[in-house]
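Thanks for coming. I will go through one structure this morning, from single residues to the whole chain.

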Amino acid sequence: MKSTLYVEYQEKQLEEKALVTKAKKIWTSMGKKASELTSLQVYVKPEENMVYCVFNDDIKGEFTLD
């Protein structure tokens with residue numbers, strides 16, 4: 001099965017794949033290897049214009065929706 005998740009809010013459309021890709025870039029920008037990433041939770045808060053991430057169940061990250 002193929003699926004795609006979109007979040008639409010105030011004239012913006014965000015695709016799950018793009019959010020995960022951006023989160024992975026944050027992970028590697030912290031000096032971590034992509035192979036070290038074993039789990040990722042992504043929380044979208046459109047009212048704050050933010051995305052919050054939890055990497056490997058304990059490391060936090062965030063980025064704006066812009």
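**A walk through the model**

Glu11 is exposed, with a relative accessible area of 86%. For the cut-offs, buried means under 20% relative accessible area, exposed means over 50%, and partly exposed is in between, using a 1.4 Å probe and protein chains only. Before going on, a word on where this comes from: this is a predicted model, local features need pLDDT of at least 70, side-chain atom pairs count only at pLDDT 80 or more, and totals for chains, interfaces and linings use all residues. Residues are numbered from 1 along each chain as its sequence is written, and side-chain values use heavy atoms, with hydrogens and water left out.

Back to Glu11. This residue sits in the loop between strand E1 (6–9) and strand E2 (12–15). Its phi is positive, about 70°, although Glu11 is not a glycine. Most residues other than glycine have a negative phi. Asn56 also has a positive phi, near 50°, and is not a glycine either.

Now the overall layout. The protein has one helix and five strands, and from the N terminus on they run β-β-α-β-β-β. Helices (H or I, at least four residues) and strands (E, at least two) are DSSP runs, numbered from the N terminus. The C-alpha trace spans about 35 × 30 × 15 Å along its principal axes. Of the 66 residues, 24% count as buried. The accessible surface comes to about 5000 Å², and 49% of that belongs to carbon and sulfur atoms. Those areas come from the Shrake-Rupley method with a 1.4 Å probe, and for residues only the protein chains shown count as cover.

Next, the inside. Which residues make up the largest nonpolar core? There are 11: Leu14, Leu19, Ala23, Ile26, Trp27, Leu37, Val51, Cys53, Phe55, Phe63 and Leu65. Helix H1 (16–29) and strand E4 (50–55) each supply at least two residues of this core, and H1 gives the most, with four. By nonpolar core I mean a set of buried Ala, Val, Leu, Ile, Met, Phe, Trp, Tyr and Cys residues joined through side-chain atoms within 4.5 Å. In soluble globular proteins, nonpolar side chains tend to be buried together.

Take Leu19 from that list. Not counting residues up to four places away in sequence, Leu19 touches Leu14, Val44, Val51, Phe63 and Leu65. Contact here means heavy atoms within 4.5 Å.

How many aromatic pairs does a search of the whole structure find? It finds one. The ring centres of Trp27 and Phe55 are 5.3 Å apart and their planes are at 40°, so the pair is tilted. The pair links distant parts of the chain, with Trp27 in helix H1 and Phe55 in strand E4, 28 residues apart. Both Trp27 and Phe55 are buried. The rule is that rings of Phe, Tyr and Trp (its six-membered ring) pair if their centres lie within 6.5 Å; planes under 30 degrees apart count as stacked, over 60 as edge-to-face and the rest as tilted.

Strand E4 also holds Met50, which is buried at 12% relative accessibility. Leaving aside neighbours within four places in sequence, Met50 is in contact with Tyr43, Val44, Lys45, Glu62, Phe63, Thr64 and Leu65.

Now to Asn56, in the loop between E4 and strand E5 (59–64). A polar atom of its side chain lies 2.9 Å from the backbone oxygen of Glu36, and a polar atom of that side chain lies 2.6 Å from the backbone nitrogen of Thr38. A polar contact is a pair of N or O atoms within 3.5 Å; within protein, one must be able to donate a hydrogen and the other to accept it, and residues adjacent in sequence count only if both atoms are side-chain atoms. Ser39, in the loop between H1 and strand E3 (40–45), reaches the backbone nitrogen of Asp57 with its side chain at 3.5 Å.

Last, charges. The structure holds one salt bridge, where the side chains of Lys45 and Glu48 meet at 3.1 Å, N to O. The term covers a side-chain nitrogen of Lys or Arg within 4 Å of a carboxyl oxygen of Asp or Glu.
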